[in-house]
Amino acid sequence: MVPVGWYMALAAALFLIGALGMLLRRNALVMFMCIELMLNAVNLTLISAGRAMNDLNGQVAVFFILVVAAAEVVVGLAIIVAIFRRRATASVDELSELRG
Amino acid sequence: MGKRMVETVIFVIAALAALAGAVTVVLARNPIYSAVGLLGTLFSVAILYVVQLAHLVAAVQVIVYAGAVMTLFLFVIMLIGVDKEEKRVEPLPRQRLWVGILAGAVILFAAGVALFGEFVWVPAAATAIDQEATNGTIQAVAEPLFTDWVLAFEATALLLTIGAAGAVVLAQFKRKRA
């Protein structure tokens, strides 16, 4: 079987790419996708570590993360749409104040 | 050519696909391409879940993420419009230089530790992986889910209800407020 370190290295690379996208892009939607990328990297870490440690709780944790991420996407996208309707922009540079 | 070989081949293909999708998310100018790249990464990660016998989680990943979440993303992209180019003006001068130096130092440190140090990926790794112990069938995952984690499970039901209600409230938009 593939060593657990390979999975960890892949997850680290995915997390790194997501973090870089978060820093480099200004489109709120693309930044949101980068958050999803980082969440997936962590999920992969949990599954791989759970298998290496003969523990099923890693998969249960990933299950909960998936549910919370789904709720987060629903609310986050609703906020982005609300901001776009008010300001007609999806760029985070233009949103420098909390006032509506 | 045993089981090990097959798993290695699947791992390499899925890992390359996942990395390609992730790079597409970051580099694509058009958010639709970013969304498609994210979709590819999600599918590839689901394949890696199946390779590691996490069957239920892989199915949930495809249904919830690749199905529901990506549909939502594409709908919002279509609502907002994709034709706007990102501005290249720096609001904070030279921030990229400093962040780049800092990030490079952190990455080099982590890579050095991982490659040259005595780095243990999983602290208490079992000597032999028991395929039966972590075979993530629906029954196997449901047992801890409905015994040890039943309170958290009920809490997620509440969370999803609140999330749906919150999205409805946010979607109601009033331009003229008294």
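## Close-up views of a predicted two-chain model

Among contacts in chain A between residues at least 6 apart in sequence, 46% join residues at least 24 apart. The model is predicted. The legends below start with each chain, then turn to where the chains meet.

**View 1. Chain A is built from 3 helices and 0 strands.** Read along the sequence, the pattern is α-α-α. The C-alpha trace of chain A spans about 50 × 25 × 15 Å along its principal axes. How does the radius of gyration of chain A stand against that of a compact globule of 100 residues? Chain A has 17 Å, while such a globule would have a value near 13 Å. Of the 100 residues in chain A, 46% are buried.

**View 2. Chain B has 6 helices and 0 strands.** From the N terminus on, its elements run α-α-α-α-α-α. Chain B has 178 residues, and 24% of them count as buried. Take the contacts in chain B with a separation of 6 or more: residues 24 or more positions apart account for 53% of them.

**View 3. Chain A meets chain B through 61 residues of chain A and 64 residues of chain B.** Which helices of chain A supply at least two residues each to the side that touches chain B? Helix H1 (4-24), helix H2 (28-52) and helix H3 (57-87) each do. H3(A) provides the largest share of that side, with 22 residues. Sorted by class, the side of chain A that touches chain B has 43 nonpolar, 11 polar and 7 charged residues.

**View 4. H2(A) packs with helix H3 (residues 55-80) of chain B.** Their axes are 12 Å apart, and the angle is about 175 degrees. An angle over 145 degrees counts as roughly antiparallel, and H2(A) and H3(B) are therefore roughly antiparallel to each other. Which residues meet in this pairing? From H2(A) come A:Leu29, A:Met33 and A:Ile47. From H3(B) come B:Val57, B:Phe73, B:Val76, B:Ile77 and B:Ile80. By class, this contact has 8 nonpolar, no polar and no charged residues.

**View 5. The largest nonpolar core has 60 residues.** Which residues have the most contacts inside it? They are A:Leu29, A:Met33, A:Leu37, A:Phe63 and B:Val57. On the chain A side, H1, H2 and H3 each give two or more residues to this core. H3(A) gives the most, with 11 residues. Two residues of this core, A:Leu29 and A:Met33, also take part in the meeting of H2(A) with H3(B).

**View 6. A:Phe63 touches residues of chain B.** Leaving out residues up to four places away in sequence, A:Phe63 touches B:Val57, B:Val60, B:Val141 and B:Leu145. Both A:Phe63 and B:Val57 are listed with the most contacts inside the largest nonpolar core.

**View 7. B:Thr8 is found in helix H1 of chain B.** Is B:Thr8 buried or partly exposed? B:Thr8 has 15 other C-beta atoms within 10 Å, so B:Thr8 is partly exposed. A buried residue would need 20 or more. How far is B:Thr8 from B:Val62 in sequence and in space? The two are 54 residues apart in sequence. In space they are 22 Å apart, C-alpha to C-alpha.

Key. Residues are numbered from 1 along each chain as its sequence is written. Chains are lettered from A and ligands numbered from 1 in the order in which they are written. This is a predicted model: local features need pLDDT of at least 70, side-chain atom pairs count only at pLDDT 80 or more; totals for chains, interfaces and linings use all residues. Helices (H or I, at least four residues) and strands (E, at least two) are DSSP runs, numbered from the N terminus. The radius of gyration is taken over C-alpha atoms; the globule rule is 2.2 Å times the number of residues to the power 0.38. A residue is buried if 20 or more other C-beta atoms lie within 10 Å of its own, exposed if 12 or fewer, and partly exposed in between; C-beta atoms are placed from the backbone. Two residues are in contact if their C-beta atoms, placed from the backbone, lie within 7 Å. Ala, Val, Leu, Ile, Met, Phe, Trp, Tyr, Cys and Pro count as nonpolar, Asp, Glu, Lys and Arg as charged, and the others, Gly among them, as polar. Axes are lines fitted to C-alpha atoms, for helices over the stretch in contact, and angles run from 0 to 180 degrees between N-to-C directions. Angles under 35 degrees count as roughly parallel, over 145 as roughly antiparallel, 65 to 115 as roughly perpendicular and the rest as oblique. A nonpolar core is a set of buried Ala, Val, Leu, Ile, Met, Phe, Trp, Tyr and Cys residues joined through C-beta atoms within 7 Å.
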